[in-house]
Amino acid sequence: MTTKNIYRPQTKIDYSSYLYILPAFIFYILFVLFPLGDTLVTSFTEWNGISEKKWVGLENYSKNLSNKKIISSIKHSFILIIFYSFLPIIIGLLIAGIMIRVKIHGMATYRAILFLPQILSMIVVGISWRWIYAPKGPLNSGLDFFGLENVSRAWLGSFDFALPFVGLIGTWVMFGFTMILFIAGVQKIPSELYDAAKVDGAGAIAEFLNVTLPNLRGEIIVALIFTVTLALRNFDLIYITTGGGPGTSTMIPSMFIYKKAFQMNQVGSASSLGIMLTLLIFTLVSLILIILREKK
Amino acid sequence: MKKIFLLITSVFMLSFASNAAETLRILAEAGDEATITEAAAQFEAANPGVKIEANFLGWDDFMATIKLKMADNNPPDLAHGNQGFTVDGTLIQSGLVISLEKYADQYNWKKQFANGALSEFMWSDDGSTWGSGSLYGISPVAEDVIVYYNKDKLKSLGLSVPTRFSEFENALKVSKDAGELPIVLGGADGWPIIHVWGLVEGAYVNPEQTRSWIFDASNVQFDTPNRIKAANKLADMANAGYFGSDSLGVGYDDANAMFINGEGVFNLTGTWMTADFNSGMGDNVGAFAMPTWNGGVAGGGSFALPWHISSKSSNPDLAAKFLNHLMSNEFVDDLMGVGRVPAQAPTIDPTSNLQAEVIAASNALVGDNAKTFYTDWATPGMYDTVTQELQKVIGGVASAQDFIDAMAAESIN
C-alpha cells in the first residue's frame, strides 16, 4: 500500500485545541474516572454503604481469591465467552463468506432481521427467552411435537443446561453485530483479490481462507474485543433469566458485585471484585490485541 | 414573558401553600400500596391540614435502595425496613431510625400482642444484637407461611387435612401415585424454597430454637440432630419427585398461576397470596397450618415489613400518629378489606371460607408461638447461601448433609 500521510507532522502543540475536548473531558472525569478512582479506594475498605469506611488494605482481594464461589463464577464467564464471542464470530464469518458467493434477493431485509436482536433491550431478550425455555414453553412444545419428550426439560432450571442455554441467548444477540461488521468488512476488500483467486482456481473454501479471512483481521479484532468484554461484564441477561441459579450454576462475577453491594452490605468487597473484573477484561483485551496484531 | 412570570409565581405560591400544611412523607414496599392508600385517605380526613405523600417501590428496587434513601439528607418520615441485620440492623447501627419505645408506651402497642411477640422488632440501641432491647419497628400485618390446598383434588384422592407431618407426607405420596403434582413450587426464584424449608424445619425443630438461631446465628448451633432430620426429609421429598421435575425452571408467579389453574395439590406459601387464591379458585381452595411430627403446628412467618421513623424526620410525632392509625382497632377490618391478614383479631367475620381458614391457621401459629420467621434473616449472606443450597437439594445435586454443612458455615461467617 502506498497511502501518503496528507497531514503535515505537527511540531508545535496548539493548546487551545484542548478547549474543544474540555466539555466531554469534564463529563469523562465526572462519570468515568472519578467513579473508577472512588471504586479503587473503596476496594481497600470495609464499608456497608452508609457507615464510615474502614481501611483493610488488600483483605478484600485476598478473600475474593480464596472464595471458591467467585472462582467458579469466573470459570462460568470463560465458558460464556465461547457463546458470546466465539460462536457469533464464527456464524458472522460464515454468513459474510456465503454473501460473497451467493447473491440473495432482498438481502438488506434479511440483514435487518438478523440484526434485530442486537437493538432489543436485554430485558426484553431475557424475558422472551425465559418464556421460550420455560417447562411448557415453545422449545419444549416443539421437542414434544417431534416425539422428544425425553429431551424436553426446564432448561434454565437444569444444573447441566442452564449455563449453555443462557449462553445461546448471548449468541443470538451478538451474531447480528458480528455479521454486520464482517459484511461491511468484506465490502471493502478489493474485488481484484477475488478475481485473482478465481484465476488461481480457488474454490469457495480456499477463497474464504486466503482472501476473506485475512482481510477481516481488523474486524475480527473489534468483534473479539467487543464480545469478550460483554461476556465478562454481562449482568442483565443472567439477572433476568436465572439470577445465577439454579444453585450457583450460572453465577458470574457481576452478579456477585451486585449481591455484595446491594444485598450483603459489602460495598468494599463488591468494589474489589469490580476492580478485579476490570483488570481481567483489560488483560484479555490486551492479549487479543497482542496476539492478533498485524506483524510488520 | 408575562405568562412565564405568572407560572413561576403560581408554582412558587403553590409549593409555599403545601409547605404550610403538615406533610408526612412515606416510602413503602409496593405490597402495602392498597393499605397505605386506604389509611392515608382516612388519616387526612380525620386530621385536616395533614397531607400524606406516599411513594411505593417494588421489592427488589425497594431493598436495593432503602438504606441509601434513609441516609439521604431529606429522607421519608416513615418507611419500611426489613427484619434482620442487612437492613434494620444497618439502619439502627447508623442512627438513621429512632426507637419507638416512647410511642409504644403512648399508644399501648405492646399490650396488643403477647409477650415476646414483637421480638423481631427489638434491637440493642447500637444495633449489634437483635431479638431483645428497644422497639425499633412495628407492623399491623401478619404474614404466615401455611399450606394451601386444592379441595377437589384432596377430596378425590380420598385424603383429609393432615394433622401430623407423617400424614402430610402420606398425602404427598398418594398424590404422586395418582399422577398429581403433589407440591407446586416456583423454585427458579430461590426464595419460595425458603418457605418450604421453613415448614419442613418447623415440623421437627422447636420454633424457639430456630428463632434464637436467626437472632444470633454465629453463636447458636445450626446443625442440630432435629434440623438434620428435617433436611433429610426435604431431600427425600425432592428425590421422591414431590415438587415435580421442573420446579427449578418455574418462577413464583407462574407456580401460583399453575396452582390457581388447577395444577398441584398443595402450595406452601405465604398468607399474602390469600386474596389472589380466593379470587382465582373460589371455594376450591383451603388452607391449614403445617402440622408438626407430634401434632402441633409449624410455620415460617412473621409480621410484615417493619415501619420505621426516620431520625431526620421533622415531625416524628405525626409519623407515630399515622403509625398508630395503622395499628388501631379501627383499621383492623380495613386491613382485611384490602386482603391482608391483620396481626390483631379482626372484629368482622371473614369474607370467605378461605379467609376463615387462613385466619384459623394464623391463630394456631400464634397460639403455639410457632412462627419461625425466615431463614434468610440470619446473616447478610444467608439469602444467597440458603437459596442456592436449597436449589441444589431440590435439584438433587446436593445431599441434606451438604445443605446443613453450607448453612452451618454461613452461620459463623
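## A residue and its core

In this predicted model, Val393(B) touches Leu234(B), Ala235(B), Ala238(B), Ala398(B), Ala400(B) and Phe403(B), leaving aside residues up to four places away in sequence; contact requires C-beta atoms, placed from the backbone, within 7 Å. Residues are numbered from 1 along each chain as its sequence is written, and chains are lettered from A in the order in which they are written. Local features need pLDDT of at least 70 and side-chain atom pairs count only at pLDDT 80 or more, whereas totals for chains, interfaces and linings use all residues.

Val393(B) and Leu234(B) are among the residues that touch the most other members of the largest nonpolar core, which has 177 residues. Such a core is a set of buried Ala, Val, Leu, Ile, Met, Phe, Trp, Tyr and Cys residues joined through C-beta atoms within 7 Å, buried meaning that 20 or more other C-beta atoms lie within 10 Å of a residue's own. Helix H7 (residues 162-187) of chain A gives the largest share of this core, 13 residues; helices are DSSP runs (H or I) of at least four residues, numbered from the N terminus.

## Domains of chain B

Chain B is divided into domain 1 (2-136 + 305-339) and domain 2 (143-302 + 355-411), with bounds from an automatic or database domain assignment. Their C-alpha centres lie 31 Å apart, and 9 residues of domain 1 are in contact with 9 residues of domain 2.

## Between the chains

The contact between the chains takes 22 residues from chain A and 23 residues from chain B.

How values were computed: Buried ≥ 20, exposed ≤ 12 C-beta atoms within 10 Å, placed from the backbone. Helix = DSSP H or I, 4+ residues; strand = E, 2+ residues; numbered from the N terminus. Contact = placed C-beta atoms within 7 Å.
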